[in-house]
Amino acid sequence: MSDNFKIRKILHKEMQKKGNLILKTGIDLVSLRHAEDVLSNNKTLEALFHKTELHNKKIESIAGTIALKEAFFKALNITPRWLDIEVMHPKRGKPSINWNPTTINNILSINSCVNHDGEYTVATVTIIMQK
């Protein structure tokens with residue numbers, strides 16, 4: 001049994017004990033070609049990204065931001081409101097997601113992961129929420 005599976009099993013048991021927590025997950029895959037199309041359209045950029053998300057216009061960074069936002073919306077099963085969340089890219093380490101608590105509430109914790117492989121970028125988001 002993998003360590004990741006063991007951790008999820010323990011977390012699930014703890015969440016059941018407390019009775020008021022929900023674990024949500026989302027995943028998304030973005031092709032670099034799609035990210036290039038988005039990057040070439042200024043109107044789309046303004047609708048999807050905060051200015052801070054466009055500081056690094058490397059195609060892999062744009063693809064990662066798109067994938068993270070999509071994975072976030074999928075985890076919550078909500079219609080995307082792209083500017084309600086912001087992906088922060090530190091100089092070192094993994095990106096994080098900031099959200100507007102007035103529009104998306106009850107979130108206690110968000111964990112995200114992005115991976116690039118060839119022509120694709122994949123992102124996962126795990127959210128712990130109160131019921």
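## Contacts and overall make-up

Among contacts between residues at least 6 apart in sequence, 55% join residues at least 24 apart; contact here means heavy atoms within 4.5 Å. This is a predicted model, in which local features need pLDDT of at least 70 and side-chain atom pairs count only at pLDDT 80 or more, while totals for chains, interfaces and linings use all residues. Residues are numbered from 1 along each chain as its sequence is written, and side-chain values use heavy atoms, with hydrogens and water left out.

The protein holds four helices and five strands, taken as DSSP runs numbered from the N terminus (helices are H or I, at least four residues; strands are E, at least two). Along the sequence they follow the pattern α-β-α-α-α-β-β-β-β. Of the 131 residues, 33% count as buried, where buried means under 20% relative accessible area, exposed over 50% and partly exposed in between (1.4 Å probe, protein chains only).

## The sheet

Three strands form an open, antiparallel sheet in the order E1-E5-E4; two strands pair if DSSP finds at least two bridges between them. Strand E1 (21-31) and strand E4 (107-117) stand at the edges with a single partner strand each, so one side of each has no neighbour in the sheet. From one strand to the next, the twist averages 10°.

E1 and strand E5 (residues 120-130) run antiparallel and are joined by 11 bridges. In this pairing, Gly 26 stands opposite Val 125 in E5. Two helices pack on the sheet, and their directions are worth a look. Helix H2 (residues 32-39) touches E1 and E5, and its direction makes about 85° with that of E1. Helix H4 (residues 59-76) touches E1, E4 and E5, with its direction at about 35° to that of E5. For these angles, axes are lines fitted to C-alpha atoms (for helices over the stretch in contact), and values run from 0 to 180 degrees between N-to-C directions.

H4 has 18 residues and reaches 26 Å from its first C-alpha to its last, close to the 26 Å expected at 1.5 Å a residue; the expected span is 1.5 Å times one less than the number of residues. Because 15 of its 18 residues are buried, H4 is largely enclosed by the rest of the structure.

H2 and H4 pack at an angle of about 95°, with their axes 9 Å apart. The two helices are therefore roughly perpendicular to each other, on a scale where angles under 35 degrees count as roughly parallel, over 145 as roughly antiparallel, 65 to 115 as roughly perpendicular and the rest as oblique. On the H2 side the residues that meet H4 are Leu 32, His 34, Ala 35, Glu 36, Val 38 and Leu 39. Their counterparts in H4 are Ile 59, Glu 60, Ile 62, Ala 63 and Ile 66.

## The nonpolar core

The largest nonpolar core has 29 residues, and those with the most contacts inside it are Phe 49, Ile 66, Phe 72 and Ile 127. Such a core is a set of buried Ala, Val, Leu, Ile, Met, Phe, Trp, Tyr and Cys residues joined through side-chain atoms within 4.5 Å. H2, helix H3 (42-48), H4, strand E2 (85-88) and E5 each supply at least two of its residues. The largest share, 11 residues, comes from H4.

Leaving aside neighbours within four places in sequence, Phe 72 is in contact with Ile 85, Ile 97, Trp 99, Ile 104, Ile 107, Ile 110, Val 125 and Ile 127. One of these, Ile 104, lies in the loop between E3 and E4 and is buried, with a relative accessible area of 8%. With residues up to four places away not counted, Ile 104 touches Phe 72, Leu 76, Ile 78, Asp 84, Ile 85 and Trp 99. Ile 104 and Leu 76 are 28 residues apart in sequence, with their C-alpha atoms 9.4 Å apart in space.

## Two asparagines with positive phi

Asn 77 follows H4 and sits in the loop between H4 and E2. Its phi is near 55°, a positive value in a residue other than glycine, and Asn 77 is exposed, with a relative accessible area of 70%.

Asn 106, in the loop between strand E3 (96-99) and E4, has a positive phi near 75° and counts as partly exposed at 35% relative accessibility. Gln 130, in strand E5, lies 24 residues from Asn 106 in sequence and 5.2 Å away in space, C-alpha to C-alpha. Beyond its neighbours within four places in sequence, Gln 130 is in contact with Asn 20, Leu 21, Asn 106 and Leu 108.
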